[in-house]
Amino acid sequence: MSKNKGKILVSTVLTSSVLLSGCGLFGTETQKKIDPPKSVTIKDDKTSQQTTGKEAGKEAQANTVKTELYLVDKDGYVVPQTMDLPKTNSVAKQALEYLVMNGPVTDQLPNDFRAVLPEDTELSVNIDKEGVATVDFSKEFKNYQAEDEMKILQSVTWTLTQFDNVKTVKLKMNGHDLTEMPVNGTPISDHLSRATGINYDTADVTDITNTKPVTVYYIGGEEGSYYYVPVTRRVSNNEKDNYVAVVNELIKGPSEKSPLVSEFMSDVKLLEAPKYEDGKVTLNFNENIFGSFKEKEISQHLLDALVLSLTEQEGVDKVAVQVNGKADIKNDNGKKLTEPVSRPEKVNTGSF
């Protein structure tokens, strides 16, 4: 079996409603049965309850904002999970506060996920006009395990850079600049950014000095709770086209020892060089990209991973897919892909 571990996914992978819409949150309500007054019909009572429920739902939604929190899963990967947080004027500060262990995120943590910042850590965030977010942690910040050092750096950086006004991140502790992490001494750049990478995978790299990083999205989790995981791979400097490099890493799939999977099969190929114009990348694949040759369908999970990966490249906003030069294709939900696909507003929301 190839490194991408084949097409083993049969359940819903979590992505944003910007790609497809639907509801993934269900609740139950227990009501005490009573005899309604003669002047009130059961039908009217139910209608009133439904209206009240909808209004309450809208009110709750109006008081929250969807925010990506980069948490750690059971396999040690730093993974975005989109949660509804209370509306605030300090969204960046609040997002980091929800990364604190035993903090406000505790009751919302998905199964097998944990927060990364040490318990009782306090912090402030200042964002300047140049897009530099300076985070000042309290002394409790140093109370973490050495093996979490890189995870903390990646979680803080990627959580903050989801916001449009944050380009880079700078860290302080008790008002003093941090040039290295306090426990294991990992050097800290003055300008941490997504270019620094996340969930590094260098398993197949022999000469790292002759390589450059690209970040691609594979699939983690298990049946019933799949999610997308960003992974930074090293590719040869000889590959001048980063779009080709991204596609090749998706086809190659995660390393053999990784629990992650990819829906790209090893015989998928680009038939020509990608074309870039006005934020759009157009890719022309052979027929092996079809999840179903009979129906000529492309897996939505594969499309999601492709779009998430390519839009990590600077200047790419959307992706157009062709097969043998034709754009008349559809996903495995039967939806025609008549328009380029944009990056989801948020990742791993818990619903399509």
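Residues are numbered from 1 along each chain as its sequence is written, and side-chain values use heavy atoms, with hydrogens and water left out. Because the model is predicted, local features need pLDDT of at least 70 and side-chain atom pairs count only at pLDDT 80 or more, whereas totals for chains, interfaces and linings use all residues.

Helices (DSSP runs of H or I, at least four residues) and strands (DSSP runs of E, at least two) are numbered from the N terminus. Helix α3 comprises twelve residues, 149–160. The expected span of a helix is 1.5 Å times one less than its number of residues.

Burial denotes a relative accessible area under 20%, with over 50% termed exposed and values in between partly exposed (1.4 Å probe, protein chains only). Eleven of the twelve residues of α3 are buried, and the helix is thus mostly covered. Among them are E149, K151, W158 and L160. The cover over these buried residues includes the strands β1 (64–72), β2 (78–86), β4 (132–137), β5 (168–173) and β7 (211–222), together with helix α2 (91–97).

T282 lies in strand β10 (residues 280–285). T282 counts as buried because its relative accessible area is 15%. Beyond its neighbours within four places in sequence, T282 is in contact (heavy atoms within 4.5 Å) with P274, K275, A320 and Q322.

Q313 occupies the loop between α5 (300–310) and β12 (318–323). Its relative accessibility is 12%, so Q313 is buried. Apart from neighbours within four places in sequence, the contacts of Q313 are V214, N242, Y243 and V246.
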